[in-house]
Amino acid sequence: MTRPFSIVLAGLGTVGGAFVKRLASREDSAPALKLVAVSARDRKKRRALPLEGVAWAEDAETLLRHEADAVVELIGGAEGAARNLVEAALAKGTPVITANKALLARHGAALAALAEKNDAPLLYEAAIAAALPAVRVSRDSLSAEPVARVFGILNGTCNHILTAMAGGRPFDEALKDAQRQGYAEADPSLDIDGHDAAQKLTLLSALCFGVAPSEAAVETEGIRDLIQMDMRLAEGFGYAIRLVADASAAGGGRGIRQCVRPRLLPLGHRLAKAEGAINALIISGRHIGDLLLEGEGAGASPTAAAVLSDAAALARGDARLPVFSRPAETLREASAASSEKEAFQEAFYVRVFARDEPGSAAKITRIFAEEGVSLARITQTDEIRDKKTSGGVARLPVAVITHAAERAAIERIRARLKEASPIAISVETESAESV
Ligand SMILES: NC(=O)c1ccc[n+]([C@@H]2O[C@H](COP(=O)([O-])OP(=O)(O)OC[C@H]3O[C@@H](n4cnc5c(N)ncnc54)[C@H](OP(=O)(O)O)[C@@H]3O)[C@@H](O)[C@H]2O)c1
């Protein structure tokens, strides 16, 4: 009888706990896996996990004293215990499975080099979009496909908040709900300010475009400034607002443009239809057209399922190197400068609060004209009034959709309209049917 594939695990939180439970109650036909030792911060914490017969290691270093076929890291964080454990395991030649996008976004290229040097696979299917097989599809299935663009909804917390706001719920209540359901990061600013999605995008860019992961190369903006009225105004124009992570070939293929930003999507667009904590990813290639992956992108059970699928791949001997789409030493540097942000033109939704008095909307449209940006649509509503008044006069929301313009021009307009608390969001103009 062949012996089961042995695993040591660091981290018994949301994902680690679900992974332990899943290992103890397998109904699948994947190879036999045996958990031999675990480690977490606090041994005394009540966990209600099936850990009988599993050794406890005081820290990550002790964990590695147990002979194991693979190390599973589910601690989180780009530095400290998680980084030390992954580096030590790979240096020993032990394969590693991790769900840690923060670690890979910061040290991915160096860890990939270490893994490849020691012939130790480094697997991270759970790090991008949990149940969506984003790594396998982009690294293996599409290895011969020249990818032009990879874009999607990669943060379930933001998507939950935005769709709840569109349904009339306040931001804070929607965030608390996401936290209760276990798919919010421990520090919610990582989700809301777009960093979590940016970290995941760096991994997709490494897989699809062969650039080294670098969060600094991703233009990142979160959803903090959006208000419920933006959802209603956008819907009136025929759009939904989503936080979209987007990487595309730019400059004739020489550069990669990477950004995470709120975006207006036509209501019929496939990404606009992804509601709640659902993640959705579109990979566009010259020969394959648009490929859509959609499903549970976070949460205990889908993330543990992705970790388990990596463990099964290792146990079957299916896990391969290199870690990304090409050997670590040949990954190109991803620089923000390559994003060609100035020359890129797109339509924008701009919302301001205008003084409720004659001529105020005309003053706003004049500024757009002076900056050479023409307007496709404009709307004003008195459904809400800003609590802030301007010189004792109430302020009402005014929203426009522009024709294609450079972001630099829109930023100039925002600066000139600073008193009117402007926000600007780019608009996906491609029709829903074509995606
Ligand atoms: N939650 C999700 O939906 C999700 C989805 C995809 C990826 N991920 C990723 O999965 C990883 C784990 O996330 P999580 O949500 O499960 O986090 P979590 O609930 O906060 O759990 C973290 C675990 O790590 C342990 N830990 C903390 N510091 C440690 C140290 N110095 N040494 C050993 N163990 C330590 C904690 O111990 P104690 O229990 O004793 O405090 C806890 O068990 C992260 O990289 C996260 O980004 C999470």
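User: Which residue in strand 9 is the bridge partner of phenylalanine 151?

Analyst: In this predicted model, phenylalanine 151 has aspartate 246 of strand 9 as its bridge partner. That bridge belongs with the pairing of strand 7 (residues 147-153) and strand 9, which is antiparallel and covers 4 bridges.

User: How many bridges join strand 9 to strand 10?

Analyst: Strand 9 is joined to strand 10 (residues 255-266) by 12 bridges, and the two run antiparallel.

User: How do side chains sit along a strand, and is strand 9 enclosed or open?

Analyst: In a regular strand, side chains alternate between the two faces of the sheet. Burial is judged by counting neighbours: a residue with 20 or more other C-beta atoms within 10 Å of its own is buried. In strand 9 (residues 239-250), 10 of the 12 residues are buried, so the strand is largely enclosed by the rest of the structure. For the chain as a whole, buried residues are 48% of the 435.

User: What does the radius of gyration say about the chain?

Analyst: It is compared with the value for a compact globule. For 435 residues that value would be near 22 Å, and the chain has 24 Å, which agrees. The C-alpha trace spans about 85 × 50 × 35 Å along its principal axes.

User: Which residues come nearest to the ligand?

Analyst: Of the 28 residues around the ligand, the nearest are Gly13, Arg41, Gly76, Ala81 and Ala99. By class, the shell holds 14 nonpolar, 10 polar and 4 charged residues. Helix 1 (residues 14-24) gives the largest share, 3 residues.

Terms used:
Residues numbered from 1 in each chain as written. Predicted model: local features only at pLDDT ≥ 70, side-chain atom pairs only at ≥ 80, totals over all residues. Rg over C-alpha atoms; globule rule 2.2 N^0.38 Å. Near = placed C-beta within 6 Å. Nonpolar A, V, L, I, M, F, W, Y, C, P; charged D, E, K, R; others polar. Pairing = 2+ DSSP bridges.
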